[in-house]
Amino acid sequence: MAIFLVLNNKRQVFDTMAETFDLADIKRRMQGAVATLKHEFGGLRTGRASASLLEPVHVDAYGQHQPLNQVATISVPEPRLLAVQVWDKALVIAVDKAIREANLGLQPTVEGQMLRIRMPELNEQRRKELVKVAHKYSEEARVAVRHVRRDGLDVLKKLLKDHAIPEDDEKRHETEVQKATDETIKEIDAALATKEKEIMQV
């Protein structure tokens, strides 16, 4: 069985025929869970305007189903107001229709080629429901991170069993994986705290 030891910016990659331990890849996958969480948080309407609220909107334009940001500029001129500047006058009606039919609860006001969207107020019950959803998204992100940790530790155990790495290296890499896990979970918890504050802010 071939074993390669590669040193790259102090990062070690241990290769056996089937298994590889790559700390940078583990961190990248953990950050993927954080990125997904932040994207999901962006879709939680909090009463505050955010351009990411309109990401799900697709417009029938020029014979194609295109994302809204391909046919208009989205801005946030006020904390509770979205402005959508449609580039082509002929698409204003299509953009207005797409936003209304996206099930986001948003009602644009058309002013020439500009659509203004005022964020509706959220009642207390709706805010609490959104906080529960945010907690659910966060727990899913934590579970995803723990799965990545488990994958990394499984690879290390196999490499040790196959005598591809010494026990000292296995222990050191286990510590690195746990540190990356703890840091990522901390990042998830911080993102949740920020989102919860934003949701409950009247």
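Is H163 buried or exposed? At 68% relative accessibility, H163 counts as exposed, where exposed means over 50% relative accessible area, buried under 20%, and partly exposed in between (1.4 Å probe, protein chains only). This is a predicted model, in which local features need pLDDT of at least 70 and side-chain atom pairs count only at pLDDT 80 or more, while totals for chains, interfaces and linings use all residues. Residues are numbered from 1 along each chain as its sequence is written, and side-chain values use heavy atoms, with hydrogens and water left out.

**View 1. H163 sits in the loop between helix 3 and helix 4.** Helices (H or I, at least four residues) and strands (E, at least two) are DSSP runs, numbered from the N terminus. Although H163 is not a glycine, its phi is positive, at about 60°.

**View 2. Y62 belongs to the loop between strand 4 (58-61) and strand 5 (64-67).** Here too the residue is not a glycine, and the phi of Y62 is positive, near 55°. Y62 is exposed, with a relative accessible area of 55%.

**View 3. The largest nonpolar core has 29 residues.** A nonpolar core is a set of buried Ala, Val, Leu, Ile, Met, Phe, Trp, Tyr and Cys residues joined through side-chain atoms within 4.5 Å. F21 and F41 have the most contacts inside this core. Helix 1 (23-42), helix 3 (124-161) and helix 4 (167-200) each supply at least two of its residues, and helix 3 gives the most, with 10. A second, separate core has 22 residues, among them V59, A72, L106 and L115.

**View 4. Helix 1 meets helix 3.** Their axes (lines fitted to C-alpha atoms over the stretch in contact) come within 9 Å and cross at roughly 170°, on a scale from 0 to 180 degrees between N-to-C directions. The two helices are therefore roughly antiparallel, a label for angles over 145 degrees. Residues including I26, M30 and F41 in helix 1 meet residues of helix 3 that include Y137, V145 and R149.

**View 5. T181 lies in helix 4.** With 2% relative accessibility, T181 counts as buried. A polar atom of its side chain lies 2.8 Å from the backbone oxygen of V177. Leaving aside neighbours within four places in sequence, T181 is in contact (heavy atoms within 4.5 Å) with M30, V145 and R149.

How values were computed
Parallel < 35°, antiparallel > 145°, perpendicular 65-115°, else oblique. Polar contact = N/O pair within 3.5 Å; in protein donor to acceptor, adjacent residues only side chain to side chain.
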